[in-house]
Amino acid sequence: MYSSILRRHSSSSSKLLCTFFFARPMGGGPRTFPGGINKWQWKRLHEKKAREKEKRLLDHEKQLYEARIRSQIRAKLAGKPVSEFSPDSDHPNHNPMSPQDHIKALADRFMKEGAEDLWNDDDGPVKSPPLLPRRPSNGLSRQIEPPVDLRKLTSHGRSLGPGNARIVSRALKPRHYSVQVRRRFRRNESSSSDDGSDVSSGDEFSGRLVDDDVELRGRRNVQKMMSSAALGKYDVKIKRRVMPKSIDEGDDFSEQIELIRHELSRKNLAEEEEKGDEESILSQKRFDECGVSPLTVKALSSAGYVQMTRVQEATLDVCLEGKDALVKAKTGTGKSAAFLLPAIEAVLKATSSNRIQRVPPILVLILCPTREIASQIAAEANVMLKYHDGIGVQTLIGGTRFKFDQKRLESDPCQIIVATPGRLLDHIENKGSFSVRLMGLKMLVLDEADHLLDLGFRKDMEKIVDCLPRQRQSLLFSATVPKEVRRISQLVLKKEHAFVDTVGLGNAETHAKVRQSYLVAPHKLHFQIVYHLLKDHILQVPDYKVIVFCTTAMVTSLVFLLLQEMKVNVREIHSRKPQIYRTRISEEFRESKRLVLITSDVSARGINYPDVTLVIQMGIPSDREQYIHRLGRTGREGKEGEGILLVAPWEEYFLDEIKDLPIEKFPLPLLDPDLKLKVGASMDKIDTSVKEAAYHAWLGYYNSIRETGRDKTTLVELANQFCESIGLQKPPLLFRKTALKMGLKGIPGIRIRR
Ligand SMILES: Nc1ncnc2c1ncn2[C@@H]1O[C@H](COP(=O)(O)OP(=O)(O)OP(=O)(O)O)[C@@H](O)[C@H]1O
């Protein structure tokens, strides 16, 4: 209604204005115009006509342009100079052209300005066979595509858009593309291409700084270059490239073929080398070239570290510049040193300004999800600080005496703190002076960042971040960065942070050198299968070192006792063990060989046990990320490893979450008939209280997983199957309160304690 009133008002006011205008001649132009229209209507009419004329001209020009391009292609096909042809030449000569000219014609066509508009689906950018096959076929048409000439064609100094680049040939090596754009194309092409040689020269593993903005621009570019206007039927099809027999006569191609062969084998070799390089975690850069303190370099080299790993190389510059960063790199690739190096530099920088303060500030705070990781990082920091007098590192972790922490903080006020969130909060909330010291913080690091930003830690994290100064640098590191975490990371990071992804979108987050498989078997066979797998592995790998992950602490304890009973050389680590015990076992396992560690998820992330040969996961992990981190305990530092996931048939749904990873289904092994009796006899020796605790924990674990916890009746049935498999006659009693909390009260099969 408002708009119609407005319209009416404006038309009446313009009428008024016109009357005003034409009532009094203003000296320019007639009052009335042909057809009795007024000046404004006349003006609008002419503007419209001018626009239409302009459009017609443009259309005409476009047609001419297309015709010109077509005729040029015909001309090149005919092997005549372009100038000889006019767009409407009546007798286009389709003489066969030389192979070089043929390719040059193609390349030229796509290098013309606006050529992206000439490409359409008929040209088959993705589906068409690559111009340079790995092995040249016998057909001459394929053999005569010397990459040397193609490179010559690009040296015209013309800028190729990525869209063109994928078409012209990978042999063109468009070095001026940004890494992320090239990667995108390689990924797109990888499924259809058996070549991919050029694009893979973009280091798959090497650091990729993906500024969000740049990423977006890259994507827009791609879209632009994928324009779909067409050359239609005039386009040069691959079929036409077949060399007519006549051209063979008198021409000796043997030299050229030899050249191509040589070129291809050189390329294949380079590819192999690159592949080998990709699997190595080390980069070409040395620590003494990277601008960190010589004392740190000295400490690193005395610990045997000379070259940086790829993640270290990719992140160091960004971190040293003081930018916030979110870093994703595969497990076991040296992320700890990647954040410790800039952390030490931050301390050096802050202490060089040398303001003597009564209470020295904490300059770097490193947060980790488990005590083991915190201790490990502090140990690594101490190695790097070997020659830095006056710089210290301390841990604040649960499981130790709070008072003891306080005494250490007072007697040795160090600049770097490595902490678990819970204990850190205790200090923040209980000791005012600690919060004051935190106000000088320069750098916050979150190791295993996705886990720390997970629901379990989120509240603590929010409280901690609230107590920190806003003017600080924040670094987030993890091997897995789910989309949701990227969003939540804004809680800690500045908006304009860098995202350094050394894995690369679409690439597996696991190591190629780690063989992954899964077995599906009913619960009652799980213990027998695990024993069989261990025995088999121990026979095959003399220096074996195996980690078996269990779903919960109490199930871990049960599996440990069972395997110990069966004379396997085992140790256990889980959250129900005292910290001092955990630390001792952790150190023992780190140093040793020929040992099996049975553990819960406390060892899933961040812990560096060198040379683990096999990781077995009994039952599904809580999510995809946890699977990757557990598996990441093997195949560290670019070494080989193996991972086996053992699931019950109803857990198979989880495989969907990891279907993009290179995991294969293995058939069930042939189990020794005596094994059932052996397992049964050993199980009988285990205390019932351990089994009952395992049942409760099992129920709690699967109840907490969205997919399995939904259908309570099925869950309880499955729990009772587990119960049978561990040799319990009846499902253990549950406290009413617990059953209520878990939503299991009244579910058939649940027994409530009276
Ligand atoms: N520059 C280097 N040269 C040689 N070895 C290195 C280098 N940097 C780190 N390492 C070693 O690589 C191993 C793995 O390092 P680290 O534990 O930091 O990996 P990570 O990426 O943090 O793994 P996770 O994701 O499991 O936490 C360690 O043994 C570490 O000492």
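Helices (H or I, at least four residues) and strands (E, at least two) are DSSP runs, numbered from the N terminus. The model is predicted, so local features need pLDDT of at least 70 and side-chain atom pairs count only at pLDDT 80 or more, while totals for chains, interfaces and linings use all residues. Residues are numbered from 1 along each chain as its sequence is written, and side-chain values use heavy atoms, with hydrogens and water left out.

**View 1. The whole protein, before zooming in.** The protein has 28 helices and 17 strands. Of its 754 residues, 49% count as buried (under 20% relative accessible area; exposed is over 50%, partly exposed in between, with a 1.4 Å probe and protein chains only). Take the contacts (heavy atoms within 4.5 Å) with a separation of 6 or more: 74% of them join residues 24 or more positions apart. The protein exposes about 38,600 Å², with areas from the Shrake-Rupley method and a 1.4 Å probe.

**View 2. Helix α13 against helix α22.** Here α13 (residues 371–384) packs on α22 (residues 579–591) at about 60 degrees, and their axes are 11 Å apart. Axes are lines fitted to C-alpha atoms, for helices over the stretch in contact, and angles run from 0 to 180 degrees between N-to-C directions. That angle makes α13 oblique to α22 (under 35 degrees is roughly parallel, over 145 roughly antiparallel, 65 to 115 roughly perpendicular, and the rest oblique). The crossing of α13 and α22 is right-handed, a label for the near helix being turned clockwise from the far one by less than a right angle, with anticlockwise giving left-handed. On the α13 side, look for Arg 371, Glu 372 and Gln 376; on the α22 side, Gln 579, Arg 582, Ser 586 and Arg 590 complete the contact. Sorted by class, the contact of α13 with α22 has four charged residues, three polar ones and no nonpolar ones. The classes: Ala, Val, Leu, Ile, Met, Phe, Trp, Tyr, Cys and Pro are nonpolar, Asp, Glu, Lys and Arg charged, and the others, Gly among them, polar.

**View 3. Helix α15 against helix α18.** Helix α15 (residues 421–430) and helix α18 (residues 455–466) pack at about 40 degrees, with axes 10 Å apart. The α15 and α18 crossing is left-handed. From α15 come Pro 421, Gly 422, Leu 424, Leu 425, Ile 428 and Glu 429, which meet Phe 457, Asp 460, Met 461, Lys 463 and Ile 464 of α18. By class, there are seven nonpolar residues in the α15 and α18 contact, plus one polar and three charged.

**View 4. Helix α15 again, this time with helix α14.** Helix α14 (residues 402–411) packs on α15 at about 70 degrees, with their axes 11 Å apart. The angle makes α14 roughly perpendicular to α15. The crossing of α14 and α15 is right-handed. Phe 402, Asp 405, Gln 406 and Leu 409 of α14 make the contact with Arg 423, Asp 426, His 427 and Asn 430 of α15. That gives the α14 and α15 contact two nonpolar, three polar and three charged residues.

**View 5. Gln 394 in its strand.** Gln 394 sits in strand β6 (residues 393–396). Its relative accessibility is 5%, so Gln 394 counts as buried. Leaving out residues up to four places away in sequence, Gln 394 touches Arg 408, Leu 409, Asp 412, Cys 414, Ile 416, Ile 417 and Val 418.

View 6. Pro 361 is in the loop between α12 (335–352) and β5 (364–367). With 17% relative accessibility, Pro 361 is buried. Pro 361 and Met 439 lie 78 residues apart in sequence, yet their C-alpha atoms are 7.1 Å apart. Beyond four places in sequence, Pro 361 touches Cys 414, Gln 415, Arg 437 and Gly 440. Ser 301, in helix α10 (residues 294–302), is partly exposed at 40% relative accessibility.

**View 7. Two residues with positive phi.** Most residues other than glycine have a negative phi. Glu 448 has a phi near 55 degrees; its place is the loop between β8 (443–447) and α17 (449–452). Glu 448 is buried, at 5% relative accessible area. Arg 594 also has a positive phi, about 55 degrees, and is not a glycine. Arg 594 lies in the loop between α22 and β14 (595–599), and its 44% relative accessibility makes Arg 594 partly exposed.
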